[in-house]
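The sequence and model are shown first.

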Amino acid sequence: MGLPYAALDVAALLSFRDLDIRAESALLEKIWAEEQTFLAPDLAKSRRTFLLDVAYWSLYLREKPCIDREFPVIQRDAADCGAHLSEESFLSDFSNLDLYFKEVRFRLRFFSDCGYVRIKLRTLLKQYGYRRRSAKLLEHLEQCMAFYQLQPYLRGGIPCKLSEISIDEMVVFRLSEEEHPS
């Protein structure tokens with residue numbers, strides 16, 4: 001499971017922001033200094049590797065629309081060679097959902113004035129193609145929240161478990177007390 005931040009994750013999180021090059025560079029330095037324990041082991045070893053890998057994936061994401069237009073041609077070329085290439089084979093079960101929790105932590109650590117992110121549980125699940133909560137999905141959500149040190153609350157600051165609340169409840173995510181004492 002890819003819970004630690006990979007270079008692609010950091011590049012995607014940066015692409016969500018409209019930062020100039022100086023602000024992006026300063027943010028990368030801050031991530032390196034303050035979030036190193038959340039980086040994938042290969043990235044955490046070297047600042048140079050971290051910066052180069054994030055730069056590589058940032059360029060990829062900027063060029064992704066062009067690459068996506070070429071995917072049907074690549075599929076046809078693979079078929080001509082007797083191979084089958086499907087888009088689904090490049091996606092893991094929960095990869096996009098992982099990115100949501102990475103983005104929540106990123107936003108809370110570096111961009112949040114209010115210290116929380118809120119979303120309806122139904123909306124969160126729907127964004128990633130889920131209609132209901134399975135035991136496996138709930139286990140994964142709990143694992144993500146524990147890894148990224150996020151605590152879910154209901155309105156009014158009431159701690160909750162996603163498995164025990166209504167799917168129509170508004171969930172508020174905050175950094176856990178161990179991470180960010182008040």
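The sections below cover the overall architecture, the helix packing, the sheet and the cysteines.

## Basis of the description

The model is predicted, so local features need pLDDT of at least 70 and side-chain atom pairs count only at pLDDT 80 or more, while totals for chains, interfaces and linings use all residues. Residues are numbered from 1 along each chain as its sequence is written, and side-chain values use heavy atoms, with hydrogens and water left out.

## Overall architecture

The protein chain contains seven helices and four strands. Helices (H or I, at least four residues) and strands (E, at least two) are DSSP runs, numbered from the N terminus. Read from the N terminus, their order is α-α-α-α-α-β-α-α-β-β-β.

Along the principal axes, the C-alpha atoms of the protein chain fill a box of roughly 60 × 40 × 30 Å. Of its 182 residues, 36% count as buried; buried means under 20% relative accessible area, exposed means over 50%, and partly exposed lies in between (1.4 Å probe, protein chains only). Among contacts in the protein chain with a separation of 6 or more, 67% come from residues 24 or more positions apart. Contact here means heavy atoms within 4.5 Å.

## Packing against helix α4

Helix α1 (residues 7-15) is mostly covered, with seven of its nine residues buried. These are Ala 7, Asp 9, Val 10, Ala 11, Ala 12, Leu 13 and Leu 14. The axes of α1 and α4 lie 8 Å apart, and the two helices pack at an angle of about 55 degrees. Axes are lines fitted to C-alpha atoms, for helices over the stretch in contact, and angles run from 0 to 180 degrees between N-to-C directions. This angle makes α1 oblique to α4; angles under 35 degrees count as roughly parallel, over 145 as roughly antiparallel, 65 to 115 as roughly perpendicular and the rest as oblique. The crossing of α1 and α4 is right-handed, a term for the near helix being turned clockwise from the far one by less than a right angle, with anticlockwise being left-handed. On the α1 side the contact involves Ala 7, Leu 8, Val 10, Ala 11, Ala 12, Leu 14 and Ser 15, and on the α4 side Phe 50, Asp 53, Val 54, Trp 57, Ser 58 and Leu 61.

Helix α2 (residues 21-34) also meets helix α4 (residues 47-80): their axes come within 11 Å and cross at roughly 135 degrees. The two helices are therefore oblique to each other, and α2 passes α4 in a right-handed crossing. Leu 28, Glu 29, Ile 31 and Trp 32 of α2 make this contact with Arg 47, Phe 50, Leu 51 and Val 54 of α4.

## The four-stranded sheet

The strands form an open sheet in the order β1-β4-β2-β3, with antiparallel pairing. β1 (117-120) and β3 stand at the edges with a single partner strand each, so one side of each has no neighbour in the sheet. Two strands pair if DSSP finds at least two bridges between them. β1 is joined to β4 by four bridges, with Lys 120 having Met 170 as its bridge partner in β4. Val 117 and Ile 119 form the covered face of β1, whereas Arg 118 and Lys 120 form the uncovered one. In a regular strand the side chains alternate between the two faces of the sheet.

Strand β2 (residues 150-154) is mostly covered, with four of its five residues buried. Four bridges connect β2 with strand β4 (residues 170-175) in antiparallel fashion, and Gln 151 stands opposite Arg 174 in β4. On its pairing with strand β3 (residues 158-159), β2 has two bridges, again antiparallel; Tyr 153 has Pro 159 as its bridge partner in β3. β2 and β3 form a hairpin with three residues between them, and Gly 156 in the turn has a positive phi of about 90 degrees.

## Cysteines

How many disulfides does the model contain? The count is zero, a disulfide being a pair of cysteine sulfur atoms within 2.5 Å. The closest cysteine sulfur to that of Cys 114 belongs to Cys 160 and is 17 Å away, too far for a bond. Cys 114 is partly exposed, with a relative accessible area of 44%, and Cys 81 counts as exposed at 70% relative accessibility.
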